[in-house]
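Please keep the structure in view while reading.

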Amino acid sequence: MSYVKSLTRRDLLKTSVAAGSLLIIGGGFVAASNAAWALEVTHLKSSTMATLIQMARDIYPHDNIADEFYAAAVKGYDTAESKGPVEEGIAALNAAAKGRGHASYLAAGWERDRVDILRSMESSPFFQQIRGGLITGLYNQKAVWPVFGYEGESFSKGGYIDRGFNDIKWV
């Protein structure tokens, strides 16, 4: 008795679209695993940008914030001026990961392992630059404010005293 898996029309279309888009888009492209967002990179390697996104998520982990917001936070490093230092910093990060037995920083599957790698580099100027840039790059995005219960500035709405000064539930 032989088992042959039939190829459905849906499977054929999914495979064709995925392969075709890879050929059209090329290498300077980072996409979410669920294809809900994508980011085009012009100066950095796509693997460098993917590593920066994972690094950002590991430095400031929030399970309820999507990767697209972390990608927007590190997109500013995709410039001609930043290319050299960022590529060197990611190379050092990958070297630190290799020193701990991983093929690269992204290949370290456990968050705990990646955090240990980052801790070994936290005094480096590269780490401090990325960490410092994330404070404003991530938390100044208006789309993430509701996740933290922040409604934005209050002056135009009459201030906080009469608008729920003490209604924060997560503190």
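In this predicted model, the buried residues of helix 5 are Arg114, Val115, Ile117, Leu118 and Met121. These residues lie on the same side of helix 5, because they cover an arc of only 160 degrees around the axis. The partners against which the buried residues of helix 5 pack are helix 2, helix 4 and helix 6.

**Helix 2**

Helix 2 comprises residues 46-59. Of its 14 residues, 10 are buried, so helix 2 is largely enclosed by the rest of the structure. The buried residues are Thr48, Met49, Thr51, Leu52, Ile53, Met55, Ala56, Arg57, Asp58 and Ile59. The length of helix 2 agrees with expectation, because 14 residues at 1.5 Å a residue should span 20 Å and the end C-alpha atoms are 20 Å apart.

Two packed helices are described by the angle between their axes and the distance between the axes. The table gives these values for two pairs.

| Pair | Axes come within | Crossing angle |
|---|---|---|
| Helix 2 and helix 5 | 10 Å | roughly 95 degrees |
| Helix 2 and helix 6 | 10 Å | roughly 70 degrees |

How are the axes of helix 2 and helix 5 placed relative to each other, roughly parallel or roughly perpendicular? With a crossing angle of roughly 95 degrees, helix 2 is roughly perpendicular to helix 5. At this contact, Gln54, Met55, Asp58 and Ile59 of helix 2 meet Glu111, Arg114, Val115 and Leu118 of helix 5. By class, the contact has 4 nonpolar, 1 polar and 3 charged residues.

For the second pair, the axes cross at roughly 70 degrees, which means that helix 2 is roughly perpendicular to helix 6. Here Leu52, Met55, Ala56 and Ile59 of helix 2 meet Phe126, Phe127, Ile130, Arg131 and Leu134 of helix 6. This contact has 8 nonpolar residues, no polar residues and 1 charged residue.

**Helix 4**

Helix 4 (residues 80-99) contains 20 residues. From its first C-alpha to its last, helix 4 reaches 29 Å, close to the 28 Å expected at 1.5 Å a residue. Its buried residues are Ser82, Val86, Glu87, Gly89, Ile90, Leu93, Asn94, Ala96 and Ala97. Which helices are included in what covers them? Helix 2, helix 5 and helix 6 (125-139) are included in that cover. After helix 4 comes Gly101, which has a positive phi near 90 degrees.

How values were computed. Residues numbered from 1 in each chain as written. Predicted model: local features only at pLDDT ≥ 70, side-chain atom pairs only at ≥ 80, totals over all residues. Heavy atoms only, no water. Axes fitted to C-alpha atoms, helices over the stretch in contact; angles between N-to-C directions. Helix = DSSP H or I, 4+ residues; strand = E, 2+ residues; numbered from the N terminus. Parallel < 35°, antiparallel > 145°, perpendicular 65-115°, else oblique. Contact = heavy atoms within 4.5 Å. Nonpolar A, V, L, I, M, F, W, Y, C, P; charged D, E, K, R; others polar. Expected span 1.5 Å × (residues − 1). Buried < 20%, exposed > 50% of the residue type's maximum accessible area, 1.4 Å probe, protein only. Arc of directions from axis to C-beta.
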